[in-house]
Amino acid sequence: FEVLSKDGLLKIENAVLGVEALTDSKMYDGQPITAELTGLTGSTVDPDSSAAHIEYSTDGEEWSDEAPQLTDAGTLNYRIRVTADNYDTAYAEGTLTVSARKITFTSETLEKEYDGTALSSADSADQGITVTGDGFAAGEGVSFEVTGSQLIPGTSDNTFTYRLDDGTNAANYEISVSIGTLTVNSRSNRETIIVEANSGQA
C-alpha cells in the first residue's frame with residue numbers, strides 16, 4: 001500500500017477573557033474613588049503582571065494606563081480594556097458615583113420680655129446656628145453671621161447669612177436653611193399710677 005501525506009493548516013484561535021470593572025458609590029468625603037479592574041476570568045494571566053495590559057477610558061476613544069478618579073459629587077462612567085497575548089481584547093464598563101452631603105443650618109428660636117435691649121442670638125455659641133445632617137467632610141466648614149434682631153414687642157425671623165470656608169465646594173453639599181423666630185413680649189408687670197383728687201379746702 002502507499003501512504004499519502006497532505007499539507008494542512010492548523011489554526012489556533014485566541015481564548016476569550018472575562019473582565020469585570022468596579023461599580024461603586026459613596027458619600028463625598030474629600031477622598032477620591034478610583035476605577036479598578038475587579039475580575040478577570042477564563043485566563044491564567046495575572047492582571048498585575050506585564051502579560052496583561054490594562055487601559056481606561058471615559059469616552060471610549062482616548063485610552064490611558066492611569067485609572068480615572070472621582071472626588072467631587074457626581075457620576076463617572078468609564079471603560080476598561082484588557083489585552084494579553086493569545087486572548088481576544090476584552091472590555092468592561094463601570095460607574096463611580098459620589099453623592100453630596102446633606103446639611104441643614106438652623107437658627108435659634110428665642111423669646112423674652114421687653115427690656116429695652118434687642119433680642120438676638122449673635123452672642124450665643126456659634127451665633128445660635130446648629131448644623132445637622134451629614135456634616136462637613138474633614139477640613140471643610142462654614143462661618144455664620146446672624147442678621148436677625150427684635151427690639152420692640154413682636155416677632156421676626158432670626159435671619160442669618162453663611163459663608164463656606166476656603167476649599168469647601170458648595171457642589172459637594174445639599175444645603176437647606178431653617179429660620180427660627182425672635183419674639184419680644186410686652187411687659188406683664190406694668191406700673192399702675194393712681195391719681196387722687198385734692199380734698200383740701202381752699
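1. The protein chain has an accessible surface of about 13,500 Å², and carbon and sulfur atoms account for 45% of that surface. Accessible areas come from the Shrake-Rupley method with a 1.4 Å probe, and for residues only the protein chains shown count as cover. This is a predicted model, in which local features need pLDDT of at least 70, side-chain atom pairs count only at pLDDT 80 or more, and totals for chains, interfaces and linings use all residues. Residues are numbered from 1 along each chain as its sequence is written, and side-chain values use heavy atoms, with hydrogens and water left out.

2. The protein chain contains 16 strands and zero helices (DSSP runs numbered from the N terminus: strands are E, at least two residues; helices are H or I, at least four). Of its 202 residues, 32% are buried (buried is under 20% relative accessible area, exposed over 50%, partly exposed in between; 1.4 Å probe, protein chains only). Among contacts between residues at least 6 apart in sequence, 62% join residues at least 24 apart (contact means heavy atoms within 4.5 Å).

3. Glu-140 sits in the loop between strand S11 (129-133) and strand S12 (142-146). Glu-140 is buried but has no salt bridge, and the nearest side chain of opposite charge, Arg-101, is 7.3 Å away. A salt bridge here is a side-chain nitrogen of Lys or Arg within 4 Å of a carboxyl oxygen of Asp or Glu; Lys and Arg count as positive, Asp and Glu as negative, and His and the chain ends are not counted. The side chains of Glu-140 and Tyr-28 are joined by a polar contact of 2.5 Å (a pair of N or O atoms within 3.5 Å; within protein, one must be able to donate a hydrogen and the other to accept it, and residues adjacent in sequence count only if both atoms are side-chain atoms). Beyond four places in sequence, the residues that Glu-140 touches include Asp-165, Thr-168 and Tyr-173.

4. Ser-107 belongs to strand S9 (residues 101-107) and is buried, with a relative accessible area of 4%. A polar atom of the Ser-107 side chain lies 2.9 Å from the backbone oxygen of Asn-158. Among the other residues that Ser-107 touches are Gly-128, Phe-160 and Ile-179.

5. Gln-31 lies in the loop between strand S2 (24-27) and strand S3 (33-34) and is partly exposed, at 48% relative accessibility. Leu-70 is 39 residues from Gln-31 along the chain, with 8.5 Å between their C-alpha atoms. Leu-70 is also one of the residues in contact with Gln-31.
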